[in-house]
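Biologist: Before I use this model, I would like to go through its overall build and a few local details. Please show it first.

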Amino acid sequence: MTTTISDTEKRADEREDEQYPLHSSDKGTTLRHTEEQSAREATICVVGLGYVGLPLAVGFAQSNYRVIGYDVDESTVDQLQEGVDTTGDLSDESIQDGDISYTTDATEIAEADYVIIAVPTPIDEDDQPDLSYVESAATTVGSKMEPGTTVILESTVYPGSTREVLIPELESASGLSAGTDFFVGYSPERATPGDAEHGLKDVVKVVGGQTEEVLEDVATLYESVVDAGVHRAPSIEVAEASKVVENTQRDLNIAYVNELSMALERLDIDGQAVLEAAGTKWNFHDYRPGLVGGHCIPVDPYFFTYRSAREGFDPELMRMSRKVNESVPGYVADLTIKALNECHKTLRDSRVLVLGLSYKPGVGDIRSSKVTNAVDTLQEYDIDIEGFDPFADNDAVRESFEIEVQDQLSFEGFDAILLATPHAEFEQLDLEAVAGDLAEDPALIDVTGALEEDAAVEAGFVYRRL
């Protein structure tokens, strides 16, 4: 299915007059987008309309490109056609802002000068990269694209994937040759969902291309929509590695403070106070402990370790950091149980309200949220769990977490609060009033230390944090 544009016939006539060299068989290997042709004349197709692809499509449309948004999910496309922002990060108005259409009709890919693939790249149950979505998208694109098309992969992949996986699939499906009949670039997505200050326009774009000519062409395209600028990587592999490395670095740093917090708790030393004291030195890196969820930081290190292991080098530090961060949900559950015990609560009779269920503050995305792991552990002790999240879809939470979810926040009768994801709304809680609604001798487990410990203790809580 597809949306239509009122002046479709007019656009078709205009396109016949435009100069797209490789639509003519006598133009050989010339790039469709030449210096003489304005970038705004190009048509862009974004394949994959999730948290990465949809903002990308909207960004190009708002920069006066003609944009085709393609996705295989009929429900997603139906909602977009009806003017509903399926990500919650944009707005219903913005997804219709500009010359943009949404479709499940793959034949429309043939109209594009640039095809940008932004599909998921998860890891499997053995922590191995799963590039099946990339392969499937490449098959679809290759079977429909016209000669002269430039295909840009934005999905996170291990170094070498563009040449080893994407290009062969495109060539096989199209019968065309990369670098001669079509062109390939790579530009890892870097925008942060739910962060208005770090969207498409605000973050430097890293790009790589098959050749210098392709690199410059792709860089010019992104420069027309990214205010922060473009970094031209010397190779596609450098661009691929940069994405997994930047998130692996964060994983390492967070793992350090998580492990530090666990150790300091055993020493009965205030970990947050230690970090504040250490942070007074000019070159101390400010990271805080917490649950490491989402689609990047817990995943990207596995892409690098997988590729490195193929070459005979096992990055032990990266693997150990993953192990530390994966242990944190269990540690949070242990803190909760200890706090309930300190409050003289019987675990099987205890009720715990979990505040914040999404994978990070300010968003409603519960996919890859590590809160569910902590909840699962607590349920093993027959603790009654309810949840509340001002952003997440309650039906989705019920299905994923298998807990009761509050539509309106109520503290009545609970024995403990587990503040798992510190949405800004929770930072304004009146702790004395909250304690008055809870059962006697309540506990507060504040995973990231978002609330004031002194205020919590004064309100009558047994207080714990990472």
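The questions below go from the whole chain to single residues of this predicted model.

Biologist: How many helices and strands does the protein have?
Modeller: Both kinds of element are present in the protein. The count is 14 helices and 14 strands.

Biologist: What is the radius of gyration, and what does the globule rule give?
Modeller: For 466 residues the globule rule gives 23 Å. The computed value is close to that, so the protein is as compact as a globular protein of that length. Its radius of gyration is 25 Å.

Biologist: What percentage of the residues count as buried?
Modeller: Buried means under 20% relative accessible area. By that cut-off, the buried part of the 466 residues is 51%.

Biologist: How far apart are the centres of the positive and negative side chains?
Modeller: There are 33 positive and 93 negative side chains in the protein. The centres of these two sets are separated by 5 Å.

Biologist: Which span should helix α7 have, and how far apart are its end C-alpha atoms?
Modeller: Helix α7 covers residues 236-266, which is 31 residues. At 1.5 Å a residue it should span 45 Å, and the distance between its end C-alpha atoms agrees with this. That distance is 46 Å.

Biologist: Is D126 buried or exposed?
Modeller: D126 sits in the loop between β4 (114-117) and α4 (132-144). Its relative accessible area is 55%, and the cut-off for exposed is over 50%. D126 is therefore exposed.

Notes
Residues numbered from 1 in each chain as written. Predicted model: local features only at pLDDT ≥ 70, side-chain atom pairs only at ≥ 80, totals over all residues. Heavy atoms only, no water. Helix = DSSP H or I, 4+ residues; strand = E, 2+ residues; numbered from the N terminus. Expected span 1.5 Å × (residues − 1). Rg over C-alpha atoms; globule rule 2.2 N^0.38 Å. Buried < 20%, exposed > 50% of the residue type's maximum accessible area, 1.4 Å probe, protein only. Lys, Arg positive; Asp, Glu negative; His and termini not counted. Charge placed at Lys NZ, Arg CZ, Asp CG, Glu CD.
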